[in-house]
Amino acid sequence: MRKWIIAALIFAAIAGCSSTEEKPAEDTGAATTPPATTGGATTGGATTSGVTGSGVTGGQTGGIPSSALKDPRNILSRRNIYFDYDQFTVKEEFRPLVEAHAKYLQSNRGARVILQGNTDERGTREYNIALGQKRADAVKNMMLLYGATEVQIETVSFGKEKPRREGHDETSWAENRRVDIVHSGE
Amino acid sequence: MPRLILAALAFLILAAAPARGQLTIEIVGGAGTTIPIAIVPFENEGTYPLGITGIVSGDLTRSGLFRQVSDAGIAPRPSRAEDVRLGDFRARGADAVVVGSMRPVADGRVEVRFALLDAVKQVQLASMSYIVTQAQFRATGHKIADVIYEKLTGDVGVFSTRIAYITKQGNRFELIVADADGGNPQAIVGSNEPLLSPAWSPDGTRIAYVSLESKKPVIYVQSMATGQRQVLANFRGSNSAPAWSPDGRRLAVTLTKDGGSQLFLMNADGSGVQRLISSGGIDTEPSFTPDGRAILFSSDRGGSPQIYRLTLASGAVERMTFDGSYNVSPNPTPDGKGFVFVRRDGGRFLIAIQDYATRQVQVLTSGPLDESPSIAPNSKLIIYAAQQGPRGILAGVSSDGRIKQRLVSPAADVREPAWGPLPR
């Protein structure tokens, strides 16, 4: 219990720092964090976060509090990773986001996520299920590199079956080519 | 070129007012010869609320292979083969004549008799009688149409088969089973989450399908008789693309439980899961060849999505498609000669057919978003999903590309057609 409280306090301190700093968001992230360059992110808040590469990760026994997942100022509140047409590689701009969730999983070994892959409407239903799966798997593989474990991540695919936007245009398609990170209990 | 002179004849079949959600079939294009046939209203037919010759002529006309010749002016109307003066029908251009009668027998049942005559060769081709209830009139009409179709074209008729498809109305999804003419639609599954990939067991008693109701793709098998269903595959990850083996004992499926979308084989009760092959990429959309010895599937193992054939005995995998950057959804034709698939050409998705022997590809449709081809048991007609404006509809095309149909639903988005087997 004490470990949780300490971790929470550390986290709060760091989060507080980063949110009170007047620097541009780009400067607060780790060195590996490039600026977010597209309209990919849909949730509000900073594009990067003090959590990334901070002292609460790596070898810590305490966990990042789950409240961070809901904090709009925290990168963990961002859940969408967008892909190019027919592509399943995680674009560089989403690396900090994926890393942050991986570090969260690393610091909370009991935590679980489901990665839901989605595609745009082009292509057949079943092939798109496989393509969405491949996107979810790509995000998972990156999370594993950043310290999450296999057992914590289930990857599934909705293919083109559950479009967030129903339009038949590039704007809708771009929104629908997406992996969503869903933490357990959400 | 004379065969093409009938191109783009576009006429609407005015069927009885469709029930809510019922598909009606329109011929939207036809090219080639049609058999002129006179179908004389059956004796006593007018005394029943639902006739039979209307069903027969609707089936035959929608096939695109027949055209109706009027019997107007022929009096009295013949009802038995021996009463037909073939000269009267030849004079009106008919190559074939159908006559028949309906006669009440015990228990409110009806004896339906019919005869098919070849007006050119002046011979009787078929003569049958059925004792049926009024509830069986539609089915009887389809059976008669099957007999006529087979006698005059040499191919098995598929008017007595059923089709399955998925409708989406708002956020409501239903798996519907209907007669091949769209009649008698019945929802066998309803869900507020997407349903896809219905697949008939070869004997028509069960349907496998994928449901996202548990927030991930899970494969179910449902009994047509009882409506009871069981989970076929609900492993970690996604479970999809069910395909029955021709003996109905096993299914090929795509599972991601061991990483990636990979092909597995399992028993129809969900037991005995075994991996079929391994690749580092996507393997999915398995479909058995009619002899059960091979599986066609789509894979991006070579970089782009292409169709491959896995020979089950040897495990050998052979690439089948080479033109284009996206060839998926292979469906072997029941006659064993080739397969139907989806090809992307430019930005359009088209239905195409490839012959095994010649490797020749014929594109059958024009897109823009055609998919989910399913082949009639006689290999002559392909039903598929298409996009018409913002709506999903079903469409049909003959496997030679000449005849085009549209299956129109009054309300819902329609998709994922699956043609059922011949009745046993």
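Two residues are taken to be in contact if their C-beta atoms, placed from the backbone, lie within 7 Å. The model is predicted, so local features are given only at pLDDT of at least 70 and side-chain atom pairs only at pLDDT 80 or more, while totals for chains, interfaces and linings use all residues. Residues are numbered from 1 along each chain as its sequence is written, and chains are lettered from A and ligands numbered from 1 in the order in which they are written.

An open sheet of 4 strands has the order β1-β4-β2-β3 (chain A), with mixed pairing; strands pair if DSSP finds at least two bridges between them. β1 (80-82) and β3 (153-159) of chain A are the edge strands, each pairing on one side only. From one strand to the next, the twist averages 20°. β1(A) runs antiparallel to strand β4 (residues 178-183) of chain A, joined by 3 bridges, and N80(A) has D180(A) as its bridge partner in β4(A). Across β1, β2 (113-118), β3 and β4 of chain A lies helix α3 (residues 125-145), at about 150° to β3(A); axes are lines fitted to C-alpha atoms, for helices over the stretch in contact, and angles run from 0 to 180 degrees between N-to-C directions.

Chain B also holds an open sheet, here of 5 strands in the order β3-β2-β4-β5-β6 (chain B), again with mixed pairing. At its edges stand β3 (66-68) and β6 (123-132) of chain B, each with a single partner strand, so one side of each has no neighbour in the sheet. Helix α3 (residues 137-153) of chain B packs on this sheet, touching β2, β4 (96-104), β5 (110-118) and β6 of chain B, and its direction makes about 165° with that of β6(B).

Finally, the chains meet: 17 residues of chain A are in contact with 27 residues of chain B. On the chain B side, β10 (195-200), β14 (239-244), β18 (283-288), β22 (327-332) and β26 (371-375) each supply at least two residues.
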